[in-house]
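Okay, thanks for coming, everyone. Let me put the structure up and then walk you through a few parts of it.

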Amino acid sequence: MKFRPPYRFMRSAVADREGTARISSRKIYILPTGHGLAYGVLLILLLLGAVNYANNLGFMLTFLLTGLGLVCMVHTWRNLLGLELTAAAMEPVFAGQQACFRITLHNRRAGPRPGIRIDVEGSGPDITDLEGASTGGLSACVPTVHRGECPLPVLRLSTRYPLGLLRAWCYVRLDASCLVYPVPGPRMPSSDIPDYTRSAQGNRGVGADDFVGLRQYRAGDSPRHVSWKALAREQDLQTKMFGGDRAERRWLDLELLSGDLEARLSRLCRGVLDACEQNLEFGLRLKDRVIEPARGQNQRQRCLEALARYR
Amino acid sequence: MSPDPNRKLSQRELLFLIVLLCLSAGPHVLHLQPWISAFFIGTVTLRLLALSRPALLPGRFLLFLLTVAGLANALAHYPLMFGREAGVALLTSMLALKLLEMKRERDIYVVVYLSLFALITQFLYRQEMLLVVYVLFVVTALTAMLMHANMVRSPSRPTGLLLRSGGLLLQALPLMLIMFFLFPRFSSPLWDLGIRENRALTGISDNISPGSVSRLSRSRAVAFRVDFEQDGIPQPARRYWRGPVLWDTDGRSWTAGDPIPEKISEFFASGKPVDYNVTLEPTGGKWLFALDLPHQVPPKTSLEADFQLIRRSPQKHRFQYRASSYLNYNTGPLSEYQRFRGLQQPDNITPRMISLVAQWRRDSVDDSDLVDRALAYFNEQPFYYTLYPAPLGDNPADQFLFDSRQGFCEHYATSFTLLMRIAGIPARVVAGYQGGEVNPIGGHLVVRQSDAHAWSEVWLPDLGWVRIDPTAAVAPERIEQPLDPDRISEEIGAPIDFMPVDIGFVGALMEQFRWSIDALDASWHRWVLGYSKKRQSRLMRLLGLDFLKGSRLVYAMVGITAVAVTLLTLTLIYRGRPKPDPVQAHYQRFCNRLKRMGLQRRSYEGPRDFGQRILHRRPDLRGQVESILRLYIGIRYGRMDNPANRRRLKQMVSGFRP
């Protein structure tokens, strides 16, 4: 089992109002790594040898390496010092997928900061080298279980640069969350969907769906609507006309489904996905909120968001 | 670096690790037993071949067999597995084997640590400055290797990494110096393995036979270095460095014989004594060298009745001592025992020697006159001063005096002493060094093996023991100038040419360079290799820190190191602070002044919007604010960025006091 530090008692760098967390000197922890402890043993052995043979050059090398270890300590600590982090959520995900966050690191120092690593509980690390006075990005991915807002957990920012003898780390709390949609439920045959209604008003005005006929090309018409076939037949340049929305409209209603709430939300989620995929016009009716029917990606996103946030 | 310590090493990394390990342990190949060296070279070669053909790498079983073979090899040549040589042999063999089984990223650490260990063992064998430079380079490269392991993408060229690791080491240097000078030194080792190196040591010995000094004189190796305190360096003709005193002869060679069982007699001296510090290279003998005539004794040393400085134990390491001498002296009366020892004769005195001395005795009024006549004899007769005399038979003194007449100082000194003894004047041979060169850079005197010399001392009634150098009668230049063995032809009987030659500009540069190296070497020995418990306490006294002794030194070392690390930290933070450009800084100052009166610029606000908000709140500031902002915007986003405008902005912001 992995040790989980009691974050409540650990110092951590917290994001300010603008969402930037700056690593200050008192937030950094530092301890030797296993390699560092081995290095210590090596130094003791070297010192014993130098003392025993009263070898001054041996002393010099030993102390040079000791000094190197100390200098290394300062550099490891400094490699995190003053680093600024901001986080941004990536695309919303479905529950069970990984919620990924983009962590942006700002190095305001002229010198580089190599080997900066980010760990998040429950997922693999990500690591990068930052050049001097530059901005770099790392991603932190967290597995999700439930729908809703998934906050970015406490990050552990660490480094072993320059020699890997010591590891400096600090905990960072950033304000970022990722929206998690419900798990899409099993696919439903359309006949099972009870809220299937035809559009009452048939062809009305200019739409984008149904081909109505051709007319003379006018300057400003979209080239997509130009009838190239007609042009190929050496007719004049003509524009295709499309009629209004006569297509089906689908209402997805929470009340009409039965069963466990999460299961119902999952089914609605699937319904939204299917409807969007089939390019239907669809609306969503929840207990306290109604989303008027529309089609397209924006509608899909609006509906999924409502499902994710439903209480 | 990758997050995975089990990542496989790339070909390039493997190659660098092999090279680094060879650089660290390789020099041992030169002095280890040939079989151990062969094992090392063979294994490394196998590893290098395996870079292109991985099939050559031994499997686990074969590797085990190889390890056993390596152990057996080391054990066979150093059966007791005891002491320095055995340890180094074992280390070298095991290092080579480590090369065969390194595969993963964490092996980098094992190889680097082992290499560091191998590097320090180099110092057990050699301690030159050049080796230190070499070791520093290898340490830099090893550090670079560790840095490489802790970066995601290390620079494509190794030089970039080497520069960075060199920078780290440079920062570690002051810490090293603090610890080096403050770490308490012990006078004896923690444990003694009882195995000491037996190196052939060169230098004057207490057994002089024809050819022994001249053989020594062909070497330019340094015998010792001398720092004179205040008084300045004595004239060349007075620089007689007294070593062993030889009383006994069997007709061929001269030896010190039994020590004189007497207390040293009071002697009369005039003038100020000369004080000096001698840094003596290992001689393997017990005697120290001092100017004629020493009167102060370094610790653990006794001054014998014949004015030899004898240490209690043979001197096998470089060591430094302080001595003081009177250049003008009279040793006073002679004890009966010394007279007896000083008149002993070997049994191969020939009649022509006796008749020669008898002739002198008839012509001279007293002993002193006789000595002059003897010197005149060496001067007037066709004697030659040569480094390569013709070989002499079993009665060298007789053959030299009457037949060959070619010789180096030992021939003159020994035969002269013998003649004096025949004449009834107590006499003895003194071996040592004469002269020495002043290093114009270090200001110290360098005495080389080529300055080895032998002279004679006779006892005269009113003067006591008087130094007589018959070589000076033959080749007075020898006393004034050092002998340069490089300029002497190796023919038998070739005369020694003391004429200074014109060495030209390049030669003079070379000469200068040579002296610089010598000066560097001297301080190297004084401050690095020779830094001991004694010198440490002297340094502490010099710094006024006498109270730092034993454990307090450790506390001081830790404390001062901590202070140094803190200073380093502060410097690094100071140097790494974000530096806004000056224009930005002026604008920031402008904003801060407004903030103080409650108008804080919001992070999303550009200068124009901010300006409008200011004017809304404080219309009275219009003139100043507008001109400052116009200038700022002009410099920042327009074409007004020039030093004059920057200065104006600074002035305007300074004058802005809302």
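**Helices, interface, cores**

So, start with H1(A) and H2(A): their crossing is left-handed, meaning that the near helix is turned anticlockwise from the far one by less than a right angle, where clockwise would be right-handed. Before I go on, this is a predicted model, where local features need pLDDT of at least 70 and side-chain atom pairs count only at pLDDT 80 or more, while totals for chains, interfaces and linings use all residues. Residues are numbered from 1 along each chain as its sequence is written, and chains are lettered from A and ligands numbered from 1 in the order in which they are written.

Helices here are DSSP runs (H or I, at least four residues), numbered from the N terminus. H1 covers residues 34-52 of chain A and H2 covers residues 56-80 of chain A; their axes come within 8 Å and cross at roughly 160 degrees. Axes are lines fitted to C-alpha atoms over the stretch in contact, and angles run from 0 to 180 degrees between N-to-C directions. H1(A) and H2(A) are therefore roughly antiparallel, the word for angles over 145 degrees.

Who meets whom? Among the residues in this contact are Leu43(A) and Leu47(A) from H1(A), and Leu61(A) and Leu65(A) from H2(A). Contact means C-beta atoms, placed from the backbone, within 7 Å. By class, that contact has eight nonpolar, five polar and no charged residues. Nonpolar is Ala, Val, Leu, Ile, Met, Phe, Trp, Tyr, Cys and Pro; charged is Asp, Glu, Lys and Arg; the others, Gly among them, are polar.

Now, where the chains touch: 45 residues come from chain B and 42 residues from chain A. On the chain B side, H7(B) gives the largest share, nine residues. That side has 37 nonpolar, seven polar and one charged residues.

Last stop, the cores. A nonpolar core is a set of buried Ala, Val, Leu, Ile, Met, Phe, Trp, Tyr and Cys residues joined through C-beta atoms within 7 Å, and buried means 20 or more other C-beta atoms within 10 Å of a residue's own. Which residues touch the most other members of the largest core? Of its 112 residues, they are Leu61(A), Leu64(A), Ile103(A) and Leu307(A). H2(A) gives the most to this core, twelve residues. And there's a second, separate core of 70 residues, including Val213(B) and Trp465(B).

Note on methods. Helix = DSSP H or I, 4+ residues; strand = E, 2+ residues; numbered from the N terminus. Parallel < 35°, antiparallel > 145°, perpendicular 65-115°, else oblique. Contact = placed C-beta atoms within 7 Å. Buried ≥ 20, exposed ≤ 12 C-beta atoms within 10 Å, placed from the backbone.
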